[in-house]
Structure formats: structure tokens, C-alpha cells
Amino acid sequence: MIKTVDLCKVYTTEEVETTALNRVNIEVTAGEFVAIMGPSGCGKSTLLNLLGLLDQPSSGQLFLAGTEVSGFSERQRAGLRKANLGFVFQSFNLIDELTVYENVELPLLYLGMAGAERKKRVTGALDQMEITHRRNHFPQQLSGGQQQRVAVARAVVTRPKLILADEPTGNLDSSHGDEVMNLLLELNKAGTTIVMVTHSVHYAEYCHRTVHLLDGRVVTENVREVLGV
């Protein structure tokens, strides 16, 4: 599903050059649930942005589903993102002016999907995330846990092959955090590949494997038995 070869990202200003990622080599197979961990500033979010085609590497190679994509144009990257990737963010990134239903429907509008199929997909995603009863509410009328459920519904409504989650429990208390992790675990068990950035050792235990970064490099990897739902 994912393979990086000597992936590097360097940010340059007039005064300083900062290496965010330094020759990172990782592989994620289809159906895995992988956690990326490390201290603040180690390159976790930079790596996730590159995997999500939100940014381009300075050097190295990135393969998605066997295709080398590191040299793709923004238009090519956008096309791949819309068709294959779902994103879940710590800050939810819901649009306040849209209802729950409209927030979840938005990615399908970008895909140009017909109305009847959009309705079927959105209804199914809201049911799956058990948030249908809030479909006509606006984000600010929801709890943090409910907002993240909506964000997960939006991520899965396109039926992506890969979900990238950046600290998806970071703004939630422990009970709502466990709730969201169990949702992600259920999606993974249904076949979705998930890569998640987290600071939490507890939530990393939901994953098959943990990749540890330090100063832009992979320093260790470990495999574990996954916590049950």
C-alpha cells in the first residue's frame, strides 16, 4: 500500500535550513493499522502530509499502491487524494456553516457523484458512525466526541483504501478517545488501511505496529497484539 525510499523533506528560509525528514524508509501493507510516534518536532506530521499527498518530498521516492507518486503534479496528487485517501484531524476540520449531513456529503460533491448515490453513501456513513440523529445539527452544537464521529464519517464516505489520522484523539477526553479508536479499529478490521500519528502509548496499542521517529529518522519499529474492541 505504502512504501518510502530515502524520503526527505527540507524546509529552507533565507536564514536557516531545517531537515524535517531524513532518509525515511517505511512500508505499510494493505490492511495494516500503523501508529507513528515520537516527540514533538520529530517529523510525524510532515511524514503524514507526504503520505497524504498534501506536500511534496525534497528527495526520495513515495509509492502508493505500487505507483511512484513523489513527482506528481498538484492536480495529479489531488486526483489521487479524492479517490483513495481519507483524512481525520485532531481539530476535526468540520465546516461550521454546514450541517453534519452536508459536511459528510462534501467529499462526494467534489467527486461529482450523483445525488441518489450521495444520499445512500452519506446515510450509510452516518449510520455506521452512529451519528444519524445529529444529521441536521451544526458542528458547534455537538460534543467533541460527536464532532470526531462526523469527521470519521466524512473520511470513510468515499470508501478510501487508506485513512490517515493525525492525533485523532488529541482533543478528546479518555472515554471519547477510546470510542473513536474503536471506530477506527472496526474500519481496519473491515479492510481499511490506517496510518495514525499519536503521542499516546495507550492508543498505539490499538495498532498492529508502531514506527518511532526521532529527529526526522525512523529509530525503531515494534509489532504488537492489537487491543480488542
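By class, how many nonpolar, polar and charged residues are in the lining of the largest cavity?

Two remarks on the model. This is a predicted model, in which local features need pLDDT of at least 70 and side-chain atom pairs count only at pLDDT 80 or more, while totals for chains, interfaces and linings use all residues. Residues are numbered from 1 along each chain as its sequence is written, and side-chain values use heavy atoms, with hydrogens and water left out.

First, the sheet. Helices (H or I, at least four residues) and strands (E, at least two) are DSSP runs, numbered from the N terminus. Two strands pair if DSSP finds at least two bridges between them. In general, the strands of a sheet pair through backbone hydrogen bonds, either parallel or antiparallel. Here six strands form an open sheet with mixed pairing, in the order β7-β8-β9-β4-β10-β11. The edges are β7 (85-89) and β11 (217-223); each has a single partner strand, so one side of each is left without a neighbour in the sheet. On average, neighbouring strands are turned by 20 degrees against each other, direction ignored. Axes here are lines fitted to C-alpha atoms, for helices over the stretch in contact, and angles run from 0 to 180 degrees between N-to-C directions.

Strands β4 (residues 33-37) and β10 (residues 209-214) run parallel and are joined by four bridges. I36 has V211 as its bridge partner in β10.

Next, the helices. Helix α2 (residues 74-84) packs on the sheet, where it touches β7 and β8 (162-166), and its direction makes about 80 degrees with that of β7. Contact means heavy atoms within 4.5 Å. Helix α5 (residues 144-156) also lies across β7 and β8, running at about 165 degrees to β7.

Helix α3 (residues 100-110) is mostly covered, with eight of its eleven residues buried. Buried means under 20% relative accessible area, exposed over 50%, and partly exposed in between (1.4 Å probe, protein chains only). Among the buried residues of α3 are Y101, E105 and L108. Their cover includes α4 (115-128) and α5.

Now the cavity. On a 1 Å grid over the protein atoms alone, a cavity is a set of points where a 1.4 Å probe fits but cannot get out; a pocket is an open set with protein on both sides within 12 Å along at least five of seven lines; lining residues have an atom within 4 Å of a point. Grid points are joined across faces, edges and corners, and a volume is the space filled by probe spheres set on the points.

The largest cavity has a volume of about 50 Å³. Its lining consists of L48, N49, L54, F87, F89, L164 and D166. The elements giving two or more residues to this lining are α1 (44-51), β7 and β8. As for my opening question, the lining has five nonpolar, one polar and one charged residues. Ala, Val, Leu, Ile, Met, Phe, Trp, Tyr, Cys and Pro count as nonpolar, Asp, Glu, Lys and Arg as charged, and the others, Gly among them, as polar.

Finally, the largest pocket. The volume of the largest pocket is about 470 Å³. Of its 18 lining residues, L85, F87, P107, Y110 and R154 lie nearest its centre. Two or more residues of the lining come from each of α2, β7, α3 and α5. By class, that lining has eleven nonpolar, four polar and three charged residues.
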